[in-house]
Amino acid sequence: MKNTVFFGTLATGALLAGIAAAGTLDDVKARGVLNCGVHTGLTGFGAPDANGDYQGFDVDICKAVAAAIFGDQSKVKYVPTTGETRFTALASGEVDLLVRTSTWTYSRDTDLKFDWAGVNYYDGQGFMVRKDLGVSSAKELDGATICIQTGTTTELNLADYFKSNNIKYTPVTVADDADAQRQFLAGACDAYTTDASGLAASRATLPKPDDYVILPEIISKEPLGPLVRHGDNNWGDIVRWTFYALLAAEEKGITKANIEEVASSTTDPEVRRILGIEGDEGKMMGLDNNWAKNAIAANGNYGEIFEANIGSATPIKLARGLNALWTQGGLQYSPPFR
Amino acid sequence: MAVANDLPKPEFRLSALIYDTRYRAITIQVIVLILALLFAAWLMENVRSNLALKGKDIDFSFLWRRAGYDIGQHLIPYTNDSPHIRAAFVGLINTMVVAVVASILSTILGVFLGVLRLSKNWIVSRLVGVYVEMFRNVPLLLWIILTSAIFSESRPQPKDFKVIDGVAKADMSFWNSVAITNRSSNVPMPVLDRPLPTIDTPWFSISTSLVAIAVLLGASIWANRLLLRRATAIQQATGLRPTTWWQSTAILIVPTLAALIAMGFHLDYPVFKGFNFQGGLSFDHAFTSLTISLTLYYAAVTAEIVRSGIQAISRGQSEAAFALGLRPGRVMSLIILPQALRVIIPPMISQWLSLTKDTSLGIAVSYLDLRGTLGGITLNQTGRELECMVLMMMIYLIISLIISAIANAYNSSVKLKER
């Protein structure tokens, strides 16, 4: 009996996976809703607000993709995933797209068979400690107990960093950000390590943010971005170019407020192509020609999304830094729309 | 009138497989077996082809790649350079440590509580009843989380033990030897200054000092038994029992003590240094809270099993024992419990099995057991879900089969011998 149930589950899982392997765009269109894997709750990046609606920097990518496909940013079903469950959710077809501060690495790209559609946040791993601990550098953390989210690249970076600096630590593995905050607040660990952006987001939600400091060391490169499964290149293109449309919109000064005005008055051929006024760019991916216009109109361009969710006016107070446009000394750069 | 009994045997025909009752049962079983095998083959083929569709294969070579992550509690040498299979082995040992410690503690506590449950003292019996019902009827996972929360919320942080200007916010217990912080329990560790050499095997190292002490202790106990047997023989021959207590004490204590002193035995006390206590023996609260909750929960279950086992013994047995003039304690230990064991052991086997499997709930408090290493971090970092899960299920299956084999062997040795 037990065996039957087990094999039944296995078979169902296998069947579902088989179905999902067909054209993702067709599946999403037939379903009428985009399944988007997001954070269980990381303020600013992906967390339900007071009304239970998901909001955040990553969530806005989901909304932009939904707007590009359906012309309606609300046609998204958010699937909360933990660091441990996210890749299984994507690989099994439970979600069409994963936007959950996931680091682009070689082995995830090749061995786990995913495709990163771009980098929506250039990040690095940092440490947060209580101010009264009197620590000013991560190298002083010899012998400390450190909270670390399991199933992440940060787990491996941490081990490497302490090893290369020849210092010791005790790991306390936690499942997600909320668990980490609870343990950190209770003093079960001296330091909490994750992506610096995540630390800033966590710090903003702690009872007294000023009692905590983020140490200056950034111990790794963490390019975070939206990702899809291998094997459906058109679907990867849709996500990739939706993200680039948001970037290009910032370059070209197209905002949520002025998009209609720009559309009616612009003479810039590239802007006209982005907004679907001339050319058949959308058709090339199986979408409407105004796909990019819808995506931008949903929540504005990349810069607007950044400032609204994690920018200096929000409690998270992240500077653009590496995530400024290439024209302003950052790394964000969109290939040409041609 | 005679009836011819020797009817000619009907010739075997194909239709006999269905219409002949002698063959029908076998026919049906063979058909069911074929269908079951076909179904299993279809499922496996389904898994294989769907994995192939996603460009995945079944490959266990990741087990020999560098794990890259650290494990807080490791009883065998382990670094982040060790391969995944060693991390899994570390996890397996962590699983077994909790399972063995909690099984022993819960059995002792459970037998004790089961006997108390039948006490004639109303308050004692009801108190135990309340305990049993409370623990049995709340999910084990909640007890684990509660125990862990009590430790992390109620105990002071390690830095509170730091002495600033001669004053510390928190004091160590037991004459400055034990410190229970909100992270771990730090107790003194027995250390040998001049230990015997250790034997290193690729998987673990054997401390010959420990083996030597164990052998010495075993020999002392055996010598002591000889002494007592001799005393009994003298008592039976002469009616006078020679005084043996000082000889016993000497035999039991002196050799071991001498060996310990020769090897330079002393205690290493935990001392607060930097961020945490250094030195001594440190038990992580993930381990402690998991062990405590498993012990308390399964003690409640064991208590019920013991109670039912005792009640299964007819009252005539204890009445007869009382009539012989035995005191209640001896009636319990000599008459009732040995017979009750036969009823108790079979359900206890399944309790030990459940306990072992329930150690995987340690995931709730980040205890890195087999589920946490092989089924958690390794699975996640390598993305080999199917392989890790299949491997983990097989390991749990093997552990369970071993436990039940041992327990069943014990059971058949104590069960009523019928000739």
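**Exercise 1. Work out how β1(B) pairs in this predicted model.**

Solution. 
- Start with the partner. β1(B) is joined by 2 bridges to strand β2 (residues 184-187) of chain B.
- Find a facing pair. I180(B) sits opposite S185(B) in β2(B).
- Widen the view. The open sheet has 3 strands, in the order β1-β2-β9 (chain B), and its pairing is antiparallel.
- β1 (179-180) and β9 (281-284) of chain B each pair on one side only.

**Exercise 2. Which helix lies across β1, β2 and β9 of chain B, and at what angle to β9(B) does it run?**

Solution. 
- Name the helix. It is α9 of chain B, residues 285-311.
- Read the angle. Helix α9 of chain B runs at about 60° to β9(B).

**Exercise 3. Decide where in chain A the model calls for caution.**

Solution. 
- Begin with the whole chain. Mean pLDDT for chain A is 88, with 93% of its residues at 70 or more.
- Compare helices. Confidence in chain A is highest in helix α3 (residues 57-70), at a mean of 95, and lowest in helix α1 (residues 2-20), at 47.
- Check the first stretch. Residues 1-8 of chain A stay under 50, with 2 contacts beyond four places in sequence.
- Check the next. Residues 10-21 of chain A also stay under 50, with 18 such contacts.
- Conclude. Where pLDDT is low, predicted coordinates should not be read in detail.

Terms used. Residues are numbered from 1 along each chain as its sequence is written. Chains are lettered from A and ligands numbered from 1 in the order in which they are written. This is a predicted model: local features need pLDDT of at least 70, side-chain atom pairs count only at pLDDT 80 or more; totals for chains, interfaces and linings use all residues. Side-chain values use heavy atoms; hydrogens and water are left out. Two strands pair if DSSP finds at least two bridges between them. Helices (H or I, at least four residues) and strands (E, at least two) are DSSP runs, numbered from the N terminus. Contact means heavy atoms within 4.5 Å. Axes are lines fitted to C-alpha atoms, for helices over the stretch in contact, and angles run from 0 to 180 degrees between N-to-C directions. pLDDT is the predictor's confidence in each residue, from 0 to 100.
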